[in-house]
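Today I opened the notebook on a ligand site.

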Amino acid sequence: MPLFKTINFSRTVGATAQILVWKVTESYAELLEQVVLNDSNRIRLDGMKSEMHQRAFLSVRKLLQETGHTDLDLYYDKFGKPHLHGEKHISITHSHNFSAIIISEETVGIDIELQRDKIIRIADKFCDSEFQFLSRSFETENKEEYIRKLTVIWGAKEAIFKIRNEKGISFKDHINVYDFELNVKQTIAELHFDSLVKDFKIHFEEIESSPESFRDEQVKQNFTLVYVFEK
Ligand SMILES: CC(C)(COP(=O)(O)OP(=O)(O)OC[C@H]1O[C@@H](n2cnc3c(N)ncnc32)[C@H](O)[C@@H]1OP(=O)(O)O)[C@@H](O)C(=O)NCCC(=O)NCCS
C-alpha cells in the first residue's frame, strides 16, 4: 500500500513538521527493490530476525523518499537515535504493519503503538501521577477508554525519551502526562530529570486498521500515533 496518511503540522511561523505514516502491505522483495540503502543499514536489515521488522524498516525508507530524502541522508548516533544530515530533525517509529516518521525544524519524537489489553497489566510500571485522572475511566468501567488513554501516555513517554535520549530517565518517576480527553488529541507533559524541568506538547491520532489487512488474524486493530515537541 502506498502512503497511508500525511499530516502537515505548523506550530508557529517557520516551525513546521511533516508526519508520514505507511501501512505495510508490500512484500519484503517489493520494498527492497524500491529503496536505496547505505552499507550499514543493509547489514542491519540482513541481521533482523523478523520479516515484519525488515518490511517496517524498509517502509521507513519509502517514507523518507516521500519527503525527498533517501537512506543516504540518514545516520544513527551511538544511542541508535536517527539524524538527518543538514538542519532538520527526524524521529522514526514502527509497530506491526505501521511505520511513521516525523521531520521537523525543531527537535521531535514520534511513537506508534498497537492498542492492546496487555497495557493494563503494566500500567503501574510507567504511570504514577496519571492515575489521578485515569481512575475516572476505571470508575465508569470504561475499559476501552482506559486502554486508549494508557496507550497515549505510553506513546508520549516513548516519544519524549526519543527526544531527550538520556540514560536513567524513568517513565514512571520522571515524566508526568497531564489530564486529557481523547477527542481533543493533545495534552502536555513535564519531564523532571537531573535538576532540569522540561515541558512538552503532545499530539496524538488514533488509527483504525481494517481487519482484512491482517493476513493471519481477522481482527480489528487500532493504533495510537503520538508526536511530541519540546515546548
Ligand atoms: C529506543 C526506544 C525509544 C525505541 O522505541 P520502541 O517503541 O521500542 O520502538 P519504535 O519502533 O517506536 O522506535 C524505534 C526507532 O526509534 C529510534 N531510536 C532508537 N533508539 C533511539 C534513541 N536512543 N533515541 C531516539 N530514537 C531512537 C530508531 O529510529 C528506531 O528505529 P530504526 O532503528 O528502525 O530506525 C525504546 O526501545 C527505549 O529504549 N525506550 C526507553 C526505555 C524505557 O524506559 N522503557 C520503559 C520503561 S517502563
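**Ligand contacts**

I looked up polar contacts (pairs of N or O atoms within 3.5 Å) and found a nitrogen atom of the ligand 3.3 Å from an N or O atom in the side chain of E158. The protein covers 73% of the 920 Å² of accessible area that the ligand has on its own (Shrake-Rupley method, 1.4 Å probe).

I noted that this is a predicted model, where local features need pLDDT of at least 70, side-chain atom pairs need 80 or more, and totals for chains, interfaces and linings use all residues. Numbering runs from 1 along each chain as its sequence is written, and side-chain values use heavy atoms, without hydrogens and water.

Next I checked the ligand's oxygen atoms: one is 2.5 Å from a side-chain N or O atom of Y76, and an oxygen is 3.5 Å from a polar backbone atom of I92.

**The shell**

I listed 19 residues around the ligand, using a heavy atom within 4 Å as the criterion. Y76, T93, H94, K162 and N165 are the closest.

β5 (89-95), β7 (108-114) and α6 (143-164) each supply at least two shell residues.

Note on methods. A polar contact is a pair of N or O atoms within 3.5 Å; within protein, one must be able to donate a hydrogen and the other to accept it, and residues adjacent in sequence count only if both atoms are side-chain atoms. Helices (H or I, at least four residues) and strands (E, at least two) are DSSP runs, numbered from the N terminus.
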